Amino acid sequence: AHYTEGLRVFDISTPAAPVEVAFYDTYTGGGYGYNGAWAVYPWLPSGRILVSDRTGGISVVRLTGGVAAEPDAPAAPNEVTVGPNPVRGWSTVRYTLGAASDVRVSVADVLGREVAVVASGTRAAGSHAEALDGRGLAPGTYVVHVAVAGQAERIALVTVVR
């Protein structure tokens, strides 16, 4: 991860002459600075790569043919927000789609176990708001997943309090 320069992937098979083989830019603004990609986690069993962005949340990407790309880039949700957060009862998961897609909004605990499905089905292009009922969740931190077409995904953290 390199801030406004995004995710950079290098072939270091010749350590004295590394070669950039792929990149994915999470920051669409101009100039340099501390916006954009902050950290990368490339060790998921699925082969996907998590890229945290200081302003845009987390992107889930994969390498295909030497290019880092969102698995379903045209339909991927551009940002996921949950509010109010922390959650005491009901909250709203908001996201925007670039194209009509099958969407699954779910909640997982910190161990990755799915504990709730907020929404599932086809959604039109545009902004969406899904109701999240936190009343049945134990106090703690959860991950809200918005998966598009079973591939592209964005997440948001949510805290349930009483």
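## A buried aspartate and its partner

Asp109 counts as buried because its relative accessibility is 13%, where buried means under 20% relative accessible area, exposed means over 50%, and partly exposed lies in between (1.4 Å probe, protein chains only). Asp109 forms a salt bridge with Arg113, and their closest N and O atoms are 2.7 Å apart. A salt bridge here is a side-chain nitrogen of Lys or Arg within 4 Å of a carboxyl oxygen of Asp or Glu.

## Basis of the model

This is a predicted model, in which local features need pLDDT of at least 70 and side-chain atom pairs count only at pLDDT 80 or more, while totals for chains, interfaces and linings use all residues. Residues are numbered from 1 along each chain as its sequence is written, and side-chain values use heavy atoms, with hydrogens and water left out.

## Overall make-up

The protein chain has 13 strands and zero helices. Both terms refer to DSSP runs numbered from the N terminus: helices are H or I with at least four residues, and strands are E with at least two. Of the 162 residues in the protein chain, 36% are buried.

Contact means heavy atoms within 4.5 Å. Among contacts between residues at least 6 apart in sequence, 49% join residues at least 24 apart.

## Other salt bridges

How many salt bridges does the rule give? The count comes to five. One of them links the side chains of Arg123 and Glu130, at 2.9 Å from N to O. Arg123 is buried because its relative accessibility is 19%, and Glu130 is buried because its relative accessible area is 11%.

Another salt bridge joins Asp133 and Arg135, with the closest N and O atoms 2.8 Å apart. Asp133 is partly exposed, with a relative accessible area of 30%, whereas Arg135 counts as exposed at 52%.

## Prolines in loops

Pro139 lies in the loop between strand S11 (126-133) and strand S12 (140-148). Is Pro139 buried or exposed? Pro139 is exposed, because its relative accessible area is 56%. Leaving aside neighbours within four places in sequence, Pro139 is in contact with Val160 and Arg162. The C-alpha atoms of Pro139 and Thr159 are 7.3 Å apart, although 20 residues separate them along the chain.

The loop between strand S7 (81-83) and strand S8 (90-97) holds Pro84, and Pro86 lies in the loop between S7 and S8 as well. The peptide bond from Gly83 to Pro84 is cis, with omega near 0 degrees. Asn85 and Pro86 are also joined by a cis peptide bond, with omega about 20 degrees.

## The second largest pocket

The second largest pocket holds about 170 Å³ of space. On a 1 Å grid over the protein atoms alone, a pocket is an open set of points with protein on both sides within 12 Å along at least five of seven lines, and lining residues have an atom within 4 Å of a point. Grid points are joined across faces, edges and corners, and the volume is the space filled by probe spheres set on the points.

Which residues line the second largest pocket? The lining is made of Leu44, Ser46, Arg48, Leu50, Val60, His145, Glu153 and Ile155. These divide into four nonpolar, two polar and two charged residues. Ala, Val, Leu, Ile, Met, Phe, Trp, Tyr, Cys and Pro count as nonpolar, Asp, Glu, Lys and Arg as charged, and the others, Gly among them, as polar.

How values were computed:
1 Å grid on protein atoms, 1.4 Å probe; cavity = no way out; pocket = protein on both sides within 12 Å on 5 of 7 lines; lining within 4 Å.
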